[in-house]
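Biologist: Please go through this model with me, one question at a time.

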Amino acid sequence: MAQISAALVKQLRDKTGAGMMDCKKALTETDGELEAAVDWLRKSGLAQAARKAGRTAAEGLIGMATAPGKAAMVEINAETDFVARNADFQAVVREVARIALDCEGDLERLSAASYPGTDRTVGEEITNLVGTIGENIQLRRTVVLSTPAGVVGDYIHMPTAEGLVRSARRSLERPAHELAMHIAAASPQAVSRDSLDQTMVERERGVLAEQARAEGKPENIIEKMIEGRLRKFFEEVVLLEQTWVIDGETRVKSVLESLAAVSDFVRYQLGEGIERESKDFAAEVAAQLGS
């Protein structure tokens, strides 16, 4: 067996952009032959995955899987919304969500979990999918909610905005589902005022105070105005104080007071927080045609 030097690994890495361990494995498999190692990486999809890894992936799908008293969500991103309609991509998202049920919201654990029907991990299966589909694909995040004595409701809205909600059990499957639907639509930031990030509250209080001063209001009136406007703010961001989207009239806390307490919720919005590239595709194509 040929000796695989660090310099040879670096040379292959510079040539393909693949990871160091992948390069070392490729050279080991090809007895140190550089060009054969390049071909090995290409056949494995690793060279292509590395080249595409720097491209923005903000589209894709959010997958969900449920079990008694438990539900998991995953977000897997791709570069374009066309991939979300790809049957292979959809199948991987469904399977990864199912695997996530046993990973307790740990992304590294999920990535290292075995992917059924293959000798690959979840992370390796996604890398393999990059080679098949031809886009940068990333397993971005995962979460699991569970409750031993209640229910976990779930809702999928065109698999781009999804909600999970955990609550106490009292024949709550339908209300929990409707509550998850409400969360996907209304995007609350916290269950109650007490659980809302107080930094957010103080920031909003400061903005409202400045707005009132800009309106020329006297200081003895400003505090009363702030409290009134904060109530409106809480109605927008606190789950229990929002208007129930099912009927457009009732407060969420009124809907739930005869049913159960909500202990937690999680809402995923596809691509949230990812800075998207703005491209002029017509110019790009023209440039390619003109080169």
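Biologist: Which residue in E3 stands opposite Lys70?

Modeller: This is a predicted model, where local features need pLDDT of at least 70, side-chain atom pairs count only at pLDDT 80 or more, and totals for chains, interfaces and linings use all residues. Residues are numbered from 1 along each chain as its sequence is written, and side-chain values use heavy atoms, with hydrogens and water left out. Strands here are DSSP runs (E, at least two residues), numbered from the N terminus. E2 (residues 70-78) and E3 run antiparallel, and the residue in E3 opposite Lys70 is Ser146.

Biologist: How many bridges join strand E2 to E3?

Modeller: Two strands pair if DSSP finds at least two bridges between them. An open sheet is formed by 3 strands, in the order E1-E2-E3 with antiparallel pairing. Its edge strands, each pairing on one side only, are E1 (59-67) and E3 (138-146). Between E2 and E3 the number of bridges is 8.

Biologist: Which ring has Arg141 over its face?

Modeller: A charge sits over a ring if NZ of Lys or CZ of Arg is within 6 Å of the ring centre and within 35 degrees of the ring normal. Arg141 lies 4.0 Å from the ring centre, and the ring is that of Tyr268.

Biologist: Are Phe233 and Phe234 buried or exposed?

Modeller: Buried means under 20% relative accessible area, exposed over 50%, and partly exposed in between (1.4 Å probe, protein chains only). By that rule, Phe233 and Phe234 are both buried.

Methods:
Helices (H or I, at least four residues) and strands (E, at least two) are DSSP runs, numbered from the N terminus.
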